[in-house]
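This report takes a brisk look at one chain. Two residues come before the overall picture.

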Amino acid sequence: MSSNTVFLNDAFIVEAQASLLVTDLSIQRGYGIFDFFKTINGKPVFLDDHIARFYNSAQKMHLHISQTPEELKDIITELMQKNNLPDSGIKMTLTGGYSADAYTLPAAQNLIITQTALTVPKGLQAEGTTLVTYPYQRQLSEMKTLDYSMAIWLQPLIKENNAGDVLYQYAGFIKETPRANFFMVTTEGEVITAKDNVLSGVIRKNILNLKDTGFQLTEREFSLEELYNASEAFITSTTKNILPVLKVDGKAIGNGKAGKITTQLSALLLEKIR
Ligand SMILES: Cc1ncc(COP(=O)(O)O)c(C=O)c1O
């Protein structure tokens, strides 16, 4: 166990001493939310987006955060000073809290903030990844819940298919991967990502905000069939930034290499992050 400092409810403590009671709804029923952002050279990346999503997930899940967003930011700053990890991942977790009957939502939740060393790619990883599709719609998909049961349960299937990860599709429409949003590029150069029933990824949002750079960026439903005929595809997340998708279900996307538009968007995103 690491000797990093963590924040638990109202105090900074050493990680090895941070614990919750077994009655917590996160343990009993898998109920809770989290958010995760990175720091580069000691600076949090897209912090306001992550804080806003954390409060939004909490509110939609009927959970209460005792601190104001400003207080939370001060806690994060202090945690960063204590740990001195310039390149890191910071995870804010809000568990359901201690429930007397292991089911009813209590008024008070537990807040945990951890920081671990993390380095993220500094350029586009052209070697990309491959995905295998699976029919599934994430529950409560617009909230960043603790529930990754399906993703973890599918790990053997991913291995059997020699894929890098799974891509959820539902009723033939592409959604997202368990930990990243998904984009495809048509042969006409239109960049499309699913509009509804996916997590509002922070990198997804910052890609969609690149509209004024001349890219045709669209949020809409798109089918598995369209994806098989796409010229490029990529996934986006805090840890991966933009990662090209070279194959889906064993079929090459476009020429099976990292595409031109993917590479251009990746450069623009990295500029924004820096
Ligand atoms: C289901 C899901 N979709 C998308 C993402 C990507 O979100 P972000 O860009 O905010 O990291 C994540 C991140 O973990 C996720 O869990």
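Ser-141 sits in the loop between β7 (129–135) and α4 (149–153). Helices here are DSSP runs of H or I with at least four residues, strands are runs of E with at least two, and both are numbered from the N terminus. The model is predicted: local features need pLDDT of at least 70, side-chain atom pairs count only at pLDDT 80 or more, and totals for chains, interfaces and linings use all residues. Residues are numbered from 1 along each chain as its sequence is written, and side-chain values use heavy atoms, with hydrogens and water left out.

Ser-141 counts as buried because its relative accessibility is 6%. Buried means under 20% relative accessible area, exposed over 50%, and partly exposed in between (1.4 Å probe, protein chains only). Not counting residues up to four places away in sequence, Ser-141 touches Asn-197, Val-198 and Leu-199. Contact means heavy atoms within 4.5 Å.

Asn-9 is the second residue. Its loop lies between β1 (5–8) and β2 (11–14). Asn-9 has 28% relative accessibility, so this residue counts as partly exposed. Neighbours within four places in sequence aside, Asn-9 is in contact with Gln-67, Gln-109, Asn-110 and Leu-111.

| Residue | Relative accessibility | Class |
|---|---|---|
| Ser-141 | 6% | buried |
| Asn-9 | 28% | partly exposed |

Now the domains. The assignment, automatic or from a database, gives domain 1 (5–117) and domain 2 (129–273). Their C-alpha centres lie 27 Å apart. Across the boundary, 20 residues of domain 1 are in contact with 18 residues of domain 2.

Next, the whole chain. It holds eight helices and 16 strands. The C-alpha trace spans about 55 × 40 × 35 Å along its principal axes. The radius of gyration is 19 Å, which agrees with the value near 19 Å for a compact globule of 274 residues. That radius is taken over C-alpha atoms, and the globule rule is 2.2 Å times the number of residues to the power 0.38. Of the 274 residues, 50% count as buried. Among contacts with a separation of 6 or more, 69% come from residues 24 or more positions apart.

Last, the surface. The accessible surface comes to about 13,400 Å², and 52% of it belongs to carbon and sulfur atoms. The areas come from the Shrake-Rupley method with a 1.4 Å probe.
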